[in-house]
Amino acid sequence: MEDTDARHQRPAGSPAASVVHRLHDCGETLATVESLTGGLLAAAIVEIAGVSSIYRGGLVVYATELKATLAGVPEDLLASRGPVDPDVALALAEGGRQRCGADWGLATTGVAGPEPQDGKPVGLVYVAVAGPAGSEVRRLDLDGGRDHIRTAAVIEALRLLAERIQVARDAETDPAGAGRR
């Protein structure tokens with residue numbers, strides 16, 4: 001399997017190593033909640049030496065009802081929007097953060113294929129992060145096969161986390177300019 005991002009490019013360096021080292025440097029922790037990636041995100045993170053100081057754990061909630069019972073996603077949200085939704089992704093990230101007692105929660109949900117799910121097209125993915133500096137969700141419209149979609153979702157989730165960590169660091173060092181980019 002080719003480890004490429006949403007643009008089919010190999011990332012420079014390891015996105016997982018980057019976030020693990022950043023979180024270690026600031027003494028913060030991480031939890032993951034995965035649906036379509038089915039553990040790939042957690043596996044990418046735990047490959048990094050020294051990860052035990054920052055990684056609290058994760059949930060793989062492939063079945064829709066487990067998103068509610070294990071990750072704390074509101075059942076009415078799942079019933080009205082389905083599991084592939086930006087607000088569900090945010091709820092997964094926040095649920096993982098709370099349930100695992102972590103500073104940061106990182107989540108993936110989407111359709112890896114080969115068939116559309118609940119009217120959502122193959123390749124529609126949401127990655128979300130919840131942390132001390134707020135939360136953010138990103139929609140990905142990925143192409144390619146199932147393996148590429150899942151791998152690209154992991155890379156893009158880690159990139160989103162790296163960006164949010166940087167926003168949090170910038171806010172700490174320049175509180176007056178926290179909203180500027």
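Leaving aside neighbours within four places in sequence, which residues is A168 in contact with? In this predicted model, where local features need pLDDT of at least 70, side-chain atom pairs count only at pLDDT 80 or more, and totals for chains, interfaces and linings use all residues, A168 is in contact with W104 and A133. Residues are numbered from 1 along each chain as its sequence is written, and side-chain values use heavy atoms, with hydrogens and water left out. Contact here means heavy atoms within 4.5 Å.

A168 is placed in helix α6. Helices (H or I, at least four residues) and strands (E, at least two) are DSSP runs, numbered from the N terminus. With a relative accessibility of 7%, A168 counts as buried; buried means under 20% relative accessible area, exposed means over 50%, and partly exposed lies in between (1.4 Å probe, protein chains only). The C-alpha atoms of A168 and G131 are separated by 8.7 Å, although the two residues are 37 residues apart along the chain.

W104, one of the contacts of A168, belongs to strand β3, which spans residues 104–110. Seven of the seven residues of β3 are buried, so the strand is largely enclosed by the rest of the structure. Both faces are covered: W104, L106, T108 and G110 are buried on one side, and G105, A107 and T109 are buried on the other.

The pairing of strands was examined next. Two strands pair if DSSP finds at least two bridges between them. Strand β3 pairs with β1 in the parallel sense over five bridges, and L30 stands opposite W104 in this arrangement. With strand β4 (residues 124–131), β3 pairs in the antiparallel sense over six bridges; here T108 stands opposite V127 of β4. Strand β1 is also joined by five bridges to strand β2 (residues 55–60), and these two strands run parallel. A31 stands opposite G57 in β2. Between β1 and β2 the chain passes through helix α2 (residues 40–46), and this β-α-β crossover is right-handed. A crossover is right-handed if, with the strands pointing away from the viewer, the path from the first strand over the helix to the second runs clockwise.

Charged side chains were then considered. Side chains of opposite charge can pair when their charged atoms come close. The structure holds 11 salt bridges, a salt bridge being a side-chain nitrogen of Lys or Arg within 4 Å of a carboxyl oxygen of Asp or Glu. One of them links D5 with R159, the closest N and O atoms being 2.7 Å apart. D5 lies in the segment before α1 (15–26) and R159 in helix α6 (residues 146–173), so the pair ties together parts that are 154 residues apart in sequence. D5 is buried at 1% relative accessibility, whereas R159 is partly exposed at 22%.

A salt bridge also forms between R169 and E28, whose closest N and O atoms are 2.5 Å apart. R169 lies in helix α6 and E28 in the loop between α1 and β1 (30–34), so parts that are 141 residues apart in sequence are tied together by the pair. Both partners are buried: R169 has a relative accessible area of 16%, and E28 has one of 11%.

In the salt bridge between R81 and D87, the closest N and O atoms are 2.5 Å apart. R81 is partly exposed, with a relative accessible area of 40%, and D87 is partly exposed at 34%.

A polar atom of the E156 side chain lies 3.1 Å from the backbone nitrogen of A6. Leaving aside neighbours within four places in sequence, E156 is in contact with D5, A6, R7, V127 and L140. Among these, D5 is the salt-bridge partner of R159, and V127 stands opposite T108.

A search of the whole structure finds zero disulfides, a disulfide being a pair of cysteine sulfur atoms within 2.5 Å. The closest cysteine sulfur to that of C26 is in C100, 18 Å away, which is too far for a bond. C26 is partly exposed, with a relative accessible area of 30%, while C100 is buried at 15%.

Technical notes:
Polar contact = N/O pair within 3.5 Å; in protein donor to acceptor, adjacent residues only side chain to side chain.
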